[in-house]
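Here are my comments on the model, point by point. Please read them with the structure open.

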Amino acid sequence: MGAWEDLRDGDHRLTRRVASWRSPAARQLLPAVEEAAQHTKLWWGAAFVMAAAGGRRGRRAAAAGVVSMGVAELVSNGVVKQLWDRRRPPKEWIPHEEVHDRPDSSSFPSGHTAAAVGFTAAVAAVWPPAGALCAVPAVMVAGERVHTGAHYPSDVAVGALIGLAAAALTHRAPRLAVRAALS
């Protein structure tokens with residue numbers, strides 16, 4: 001078996017394992033996380049709290065997070081999902097009711113994870129303690145996407161990479177623009 005097949009088989013095994021979590025905490029908490037993450041409500045709420053209570057640093061962190069989240073969503077949902085059509089994990093692999101609430105769009109990559117990681121990483125670059133707090137629900141969003149059968153772990157991993165790239169771009173873009181203007 002080649003490396004690609006090994007990766008695919010590992011992705012499939014991990015999907016089945018995460019989807020079969022029987023923890024009562026996971027069963028109660030993950031649906032709430034999924035609901036909060038829909039339409040990026042969780043991240044807009046976090047940005048509002050940071051901007052309202054965090055002073056200048058909070059406003060800068062919130063702005064960086066929102067911009068990075070937007071870039072990550074644009075790249076993941078507006079570009080990559082349109083270029084790469086991947087079916088969602090088979091419903092037979094998901095032993096609970098949440099499997100019926102999955103989107104019809106491509107599974108690859110996870111736009112929820114891209115937005116969560118993009119927001120969190122950009123916030124962390126400006127205000128590390130707030131970024132650390134945001135990391136907890138960001139990880140939960142990533143796990144929830146696999147648990148409900150909406151994504152394979154590789155979809156989530158690529159979504160996270162897109163989010164990190166968006167945060168890096170958001171962090172560096174102002175300096176690059178100034179450098180280009182002075183050149």
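**Notes on the predicted model**

1. Start with Trp84. This is a predicted model. Trp84 has 43% relative accessibility, so Trp84 counts as partly exposed. The range for that class runs between 20% and 50%. Trp84 sits in the loop between α4 (55–83) and α5.

2. Which ring pairs with Trp84? The partner is Phe108. The two ring centres are 4.6 Å apart, and the planes make an angle of 40°, so the pair is tilted. Phe108 also lies in the loop between α4 and α5, so the contact ties together parts that are 24 residues apart in sequence. Is Phe108 buried or exposed? Phe108 counts as buried, because its relative accessibility is 11% and the limit for buried is under 20%.

3. Trp84 is also part of the surface. Together with Trp4, Leu7, Val79 and Leu83, Trp84 makes a nonpolar patch of about 610 Å². Helices α1 (3–19) and α4 are the elements that give two or more residues to the patch. Leu7 belongs to helix α1. Its relative accessibility is 54%, so Leu7 counts as exposed.

4. Now the largest pocket. Its volume is about 280 Å³. Which residues line this pocket? Trp84 and Phe108 are among them, and so are Trp4 and Leu7. The lining also includes Arg8, Asp11, His12, Arg86, Tyr152, Ser154 and Val158. Two elements give two or more residues to the lining: α1 and α7 (153–182). The most comes from α1, with 5 residues.

5. How many does a search of the whole structure find? The search gives 2. Besides Trp84 with Phe108, there is Trp43 with Phe119. In that pair the centres are 5.4 Å apart and the planes are at 35°, so Trp43 and Phe119 are tilted too. Trp43 is in helix α3 (residues 41–53) and Phe119 in helix α5 (residues 111–126). Trp43 and Phe119 are both buried.

6. Charged side chains come next. Side chains of opposite charge can pair when their charged atoms come close. The whole structure holds 6 salt bridges. Arg8 is partly exposed, because its relative accessible area is 39%.

7. Lys41 and Glu35 form another salt bridge, with 2.8 Å from N to O. Lys41 has a relative accessible area of 42%, so Lys41 is partly exposed. Glu35 is partly exposed as well, at 45%.

8. The bridge between Glu144 and Arg145 spans 3.3 Å, N to O. Are these two side chains buried or exposed? Glu144 is at 1% relative accessibility and so counts as buried. Arg145 is also buried, at 3%. Elsewhere, salt bridges with shared partners join Asp11, Arg86 and Asp155 into one network.

Methods:
Residues are numbered from 1 along each chain as its sequence is written. This is a predicted model: local features need pLDDT of at least 70, side-chain atom pairs count only at pLDDT 80 or more; totals for chains, interfaces and linings use all residues. Side-chain values use heavy atoms; hydrogens and water are left out. Rings of Phe, Tyr and Trp (its six-membered ring) pair if their centres lie within 6.5 Å; planes under 30 degrees apart count as stacked, over 60 as edge-to-face and the rest as tilted. Helices (H or I, at least four residues) and strands (E, at least two) are DSSP runs, numbered from the N terminus. Buried means under 20% relative accessible area, exposed over 50%, partly exposed in between (1.4 Å probe, protein chains only). Patches are made of residues with over 30% relative accessible area and no salt bridge: like charges are joined within 9 Å, nonpolar side chains (Val, Leu, Ile, Met, Phe, Trp, Tyr) within 5 Å. Accessible areas come from the Shrake-Rupley method with a 1.4 Å probe; for residues, only the protein chains shown count as cover. A salt bridge is a side-chain nitrogen of Lys or Arg within 4 Å of a carboxyl oxygen of Asp or Glu. On a 1 Å grid over the protein atoms alone, a cavity is a set of points where a 1.4 Å probe fits but cannot get out, and a pocket is an open set with protein on both sides within 12 Å along at least five of seven lines; lining residues have an atom within 4 Å of a point. Grid points are joined across faces, edges and corners, and a volume is the space filled by probe spheres set on the points.
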